[in-house]
Amino acid sequence: MQNIEFKAELRNMDAAREQCRLLGAERLGVLQQKDTYFRLTDGRLKRRECPHQPTEWIFYHRGDRVTPRMSNFTILTDLQARRRWGTASLREWLIVNKTRELWMLDNVRIHLDEVEGLGQYIEFEAVISKLHDVQECHMVIAHLREAFAPVLGEPLAVSYSDLLDQVVAERG
């Protein structure tokens with residue numbers, strides 16, 4: 001699967017919620033997510049655990065840049081991931097805990113995230129499909145960046161795991 005994604009610091013959670021409502025996005029709920037990241041020689045891998053939901057593994061490739069970017073990803077069940085990588089070969093890197101408020105606007109997932117030890121962030125993920133090509137996904141992300149401009153902080157080039165790794169390294 002593929003999507004176009006963009007992530008930035010979030011200055012005001014309440015204003016972001018109101019903007020979601022004004023755009024007609026549907027609030028799907030609030031999720032407590034625990035993402036355990038593993039080091040791989042190629043790509044990125046995280047195990048996502050969320051109460052009352054099956055564990056899923058997300059394997060992805062994505063460039064590190066602040067502009068909207070393509071992400072190629074595969075979502076696997078716990079069994080599929082263990083068959084693919086085994087259990088002994090994976091080295092746990094770090095854990096990111098977050099509260100994610102999930103909104104949907106057509107083919108776009110809007111994440112309003114409170115990340116433990118890091119702060120508040122917003123992420124747009126426009127899913128590419130036969131109905132929504134790459135160009136259209138880039139256009140909708142551009143529109144959302146404009147609509148949410150008053151609440152956007154600095155754009156992020158990296159994942160939460162990379163940010164948390166930097167914070168841990170700085171603390172010694």
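**Cysteines**

I started with C20, which counts as buried at 0% relative accessibility (buried means under 20% relative accessible area, exposed over 50%, partly exposed in between, with a 1.4 Å probe and protein chains only). This is a predicted model, where local features need pLDDT of at least 70, side-chain atom pairs count only at pLDDT 80 or more, and totals for chains, interfaces and linings use all residues. Residues are numbered from 1 along each chain as its sequence is written, and side-chain values use heavy atoms, with hydrogens and water left out.

How many disulfides does the structure hold? I found 0, taking a disulfide as a pair of cysteine sulfur atoms within 2.5 Å. For C20, the nearest cysteine sulfur is that of C137, 17 Å away. C137 is in no disulfide either, and C137 is buried too, with a relative accessible area of 0%.

I then picked I110 and listed its contacts (heavy atoms within 4.5 Å). Not counting residues up to four places away in sequence, I110 touches C20, A25, E101, L102, W103, L105, I122, E123, F124 and F148.

**Helix α3**

Which residues of α3 are buried? I noted C137, I141, L144 and A147. They sit on the same side of α3, because they cover an arc of only 120 degrees around the axis (the arc is that of the directions from the helix axis to the C-beta atoms). Q135, M139 and E146 are exposed on the other side of α3. The cover over the buried residues includes β1, α1, β6, β7 and β8.

At the N-terminal end, D133 caps α3, with a side-chain oxygen 3.3 Å from the backbone nitrogen of Q135.

R17 lies in helix α1 and is partly exposed, at 23% relative accessible area. Leaving aside neighbours within four places in sequence, R17 is in contact with E101, W103 and L112.

E123, in strand β8, is buried with a relative accessible area of 4%. Its side chain makes a polar contact with the side chain of R100 (3.4 Å). For a polar contact I used a pair of N or O atoms within 3.5 Å; within protein, one must be able to donate a hydrogen and the other to accept it, and residues adjacent in sequence count only if both atoms are side-chain atoms.

**Positive phi**

Last, I checked the loops. H52 has a positive phi of about 70 degrees although it is not a glycine; H52 lies between β3 (44–49) and β4 (56–62) and is exposed, at 85%. D106, in the loop between β6 and β7, has a positive phi near 60 degrees and is exposed with a relative accessible area of 62%.

Terms used. Helix = DSSP H or I, 4+ residues; strand = E, 2+ residues; numbered from the N terminus.
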